[in-house]
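Here is a short briefing for a first look at a protein. Please view the sequence and the model before reading on.

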Amino acid sequence: MKAIRRFTVRPVLPEPLRPLSDLARNLRWSWHTETRDLFQSVDPEGWQAAGCDPVRLLGSASAARLAQLAQDRRFLRRLAAVADDLDDYLHGRRWYQAHSGSAADRGPTGSEFPAAVAYFSPEFGVTAALPQYSGGLGILAGDHLKAASDLGVPLIGVGLLYRHGYFRQSLSRDGWQQEHYPLLDPNELPLSLLREPDGTPARVSLVLTGGRSLHAHIWVAQVGRVPLLMLDSDVEENGPGERDVTDRLYGGGSEHRLLQEMLLGIGGVRAVRAYCRLTGHPAPEVFHTNEGHAGFLGLERIRELGEPSERGGQGLDFDSALEAVRAGTVFTTHTPVPAGIDRFDRELVARHFGDRGELPGVPVEKVLQLGMETYPGGEANLFNMAVMGLRLAQRANGVSTLHGAVSRGMFAGLWPGFDAEEVPITSVTNGVHAPTWVAPEVFRLGARQIGTSRTEDALSVGGSERWDSVADIPDTDIWELRRNLREQLVMEVRDRLRASWRQRGAGAAELGWIDGVLDPDVLTIGFARRVPSYKRLTLMLRDRDRLMEMLLHPTRPVQIVVAGKAHPADDGGKRLVQELVRFADDPRVRHRIVFLPDYGMAMAQKLYPGCDVWLNNPLRPLEACGTSGMKAALNGCLNLSVLDGWWDEWFEPDFGWAIPTADGSATDEDRRDELEAGALYELIENRVAPRFYDRGAGGLPQRWIEMVRRTLTTLGPKVLAGRMVREYVERLYAPAARAHRSMDADAARELAAWKARVRGSWPHVAVDHVEALEEAAAEGTAELGATLALRVRVALGELQPDDVEVQAVAGRVDSDDAIADAQTSPLKPAGGPDMEGRWVYEGPLCLDRTGPFGYTVRILPTHPQLAAGADLGLVALPTEATGEGAGVLMR
């Protein structure tokens, strides 16, 4: 029989065990070994049955067991120690509080750093017990929150609560991906409902077309010191369609996605305001948009600023409010391809905004202008969420150095007239939260070497001096650790493979072969990620006979563990999964290669440490960062990867291998795959496997162990989420906070008016004439170290010299006279305006490089409140008739 109603019965803990409830409700347990060990001791078998989730564990523990523990003095001492440690973690002074900076411009907390930062993301991967993620974007967001907590950064996370999560994956008998969407009950998750003082649930509401409303409750997950607000539309006040808005991650059609993103952005800002009002948390000075899905948050903040203030002050007009919002907004793009960005039909967006929809008073045309692809190569009728994110943020970044360059090229149309290198998108390379991803055995080895406290600091904050101590760990200890982790992975793989085959319909009598799958003494390669085509799941199958020879080599065998999910709507990705599964089902090799379904955090935490080599072979440069290899590296696993994402930035042959790429424009895709697969086989056969099996004294592969050391000492401090978050604070959050504080209502109005004046006058701004006063330059040659005196005549229209900067731009030139590695130097006004309104600018140009050298001049708008010269996308350049040629040969 089926129940007609479902509810959760919470356990009543005996008074001495009450701290267990606080420990279970703070997700710090997901990365704190002592807390997990404490919960495991409550009921070891129940802990595994509960999926290592303390909330489920306490919900299933028997009253007799709880009563027994309440009398167990040893357990109570452990409980008190862990509870005290959490209290110290939550309230102690950490990195953020100790590094407030020395700037004179300080905010309400007396710090250069922001009083608080709101961090919006469509998904968060904090723990397997809270399955609200699909892949790298969500895991990165979860690691960002955890690292911020470790550092003491006052972050507020904002996302949606998906009642069905992403999806659970299984396989059919013939290897086709099957999707399952189990219902998640928030009352059974480590969440609490945000409530008003009278006990009623706090609620945010959005106005929809047709007189409808979209209401959402706010669930709070406590991630250490960081609250994560998750909006849930499955509330009784909503109609059936509105209740399903937060049904599943990345599901539904265009309108469904649009409503999700409106709720995330607009509803998310309202949730932050409610949370700060109810808890006293400082209001955010900086808003960080993690990918374009949350971009509508800027529109809600514009609406807020347009309302009269409580003191009776007049609200800001749209353009002034836009400047105020941009000053305190950071936008991070994660996609290297336009197809990965959410884009909506113009009419769909227009229908949901304005006086008949959400944000009444905010002009619909102004909303549309922020997202429309009004640039060369754009599609005029599409509203692009990443474009809106960039236009609403004064600071933007990619997630690796290479990805920053790719992003500057991809979005260069928003800044016409500027070279891609000058597009104002910087980069902060991703990192991973080491306490989450480092195996307990690795942590214990570090603690034995330098102590528990210093090891915790090394994993959370970083610092090369702490990681250098790895050099003192004996070879035998490192190799014993690596074998132990490999053996644990072998057992994990067998359990998961057996469960998968039972789901595929196999009987127990058919599965005896699984006891011989994998070998703890064989070189183990891991490959696990989402399965879009560019990640090339099946590149390893390009030459199946050659792969089979590697797997079955008599003296240097290789074994491979593969996992990955294809998007439910991506049949091409599902075919790749099926192709890999069918190869792995072959009785000749199934003991050497396995595909594990339902890749997620719980599997990953066993997979990364247990592999010797982490394989990554995307189409370069389509991997924005690729953090799975970072997690593997922190456990002493070596990377074998295409030079893409973070590996392009930090690869050294001392600690890994680079797969050569055939990414020339003349190489077709099939030929490229053939060449790169051949390079991959060559590396494994001739470099990787021989080094693993090359045993010296005591049977140890000493050169391999040295590569493990170099991986830990060199990459360890770099790949940390703590390093990443510190960079965000120092390079993006602190400048954004300063800009926010300086942008009061009067400053915002002044800047908006100045921009309007500059844009209106810019058609009349021009470089009229350029001349160099040295004869050598006129002859086409000059001596290294010489100085050219430039004189430039410019037209400024209605603008004044204070509104612009006239620059000389110089550097080496190619055969087409394009300037590379350009350096700029300002020229100074020397006279004017003349009768025609022209101004003269002069200045020196130092010839500091040999070879073909060239220069040009340009005019840019300038204002103290601009974050970059390219901010407005306006530039005036010389025409061919303006003055002298640019080429000067240096000798």
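Predicted model: local features only at pLDDT ≥ 70, side-chain atom pairs only at ≥ 80, totals over all residues.

Residues are numbered from 1 along each chain as its sequence is written, and side-chain values use heavy atoms, with hydrogens and water left out.

**Overall form**
- The protein has 31 helices and 28 strands. These are DSSP runs numbered from the N terminus: helices are H or I with at least four residues, strands are E with at least two.
- The C-alpha trace spans about 95 × 70 × 50 Å along the principal axes of the protein.

**Packing and surface**
- Buried residues make up 57% of the 891 residues. Buried means under 20% relative accessible area, exposed over 50%, and partly exposed in between (1.4 Å probe, protein chains only).
- Contact means heavy atoms within 4.5 Å. Among contacts between residues at least 6 apart in sequence, 73% join residues at least 24 apart.
- The accessible surface comes to about 35,900 Å², and 49% of it belongs to carbon and sulfur atoms. The areas come from the Shrake-Rupley method with a 1.4 Å probe; for residues, only the protein chains shown count as cover.

**Around Trp-650**
- Trp-650 is found in helix H26, which covers residues 645-650.
- Trp-650 is buried, because its relative accessible area is 12%.
- Beyond its neighbours within four places in sequence, Trp-650 is in contact with residues including Thr-429, Met-630 and Arg-723.
- His-256 is 394 residues from Trp-650 in sequence and 40 Å from it in space, C-alpha to C-alpha.

**Aromatic rings**
- Rings of Phe, Tyr and Trp (its six-membered ring) pair if their centres lie within 6.5 Å; planes under 30 degrees apart count as stacked, over 60 as edge-to-face and the rest as tilted. By this rule the count is 22 aromatic pairs.
- The rings of Trp-647 and Phe-651 have centres 5.2 Å apart and planes at 55°, so this pair is tilted.
- Trp-647 is buried at 1% relative accessible area, whereas Phe-651 is partly exposed at 26%.
- One aromatic cluster is formed by Trp-479, Trp-657, Phe-692, Tyr-693 and Trp-704.
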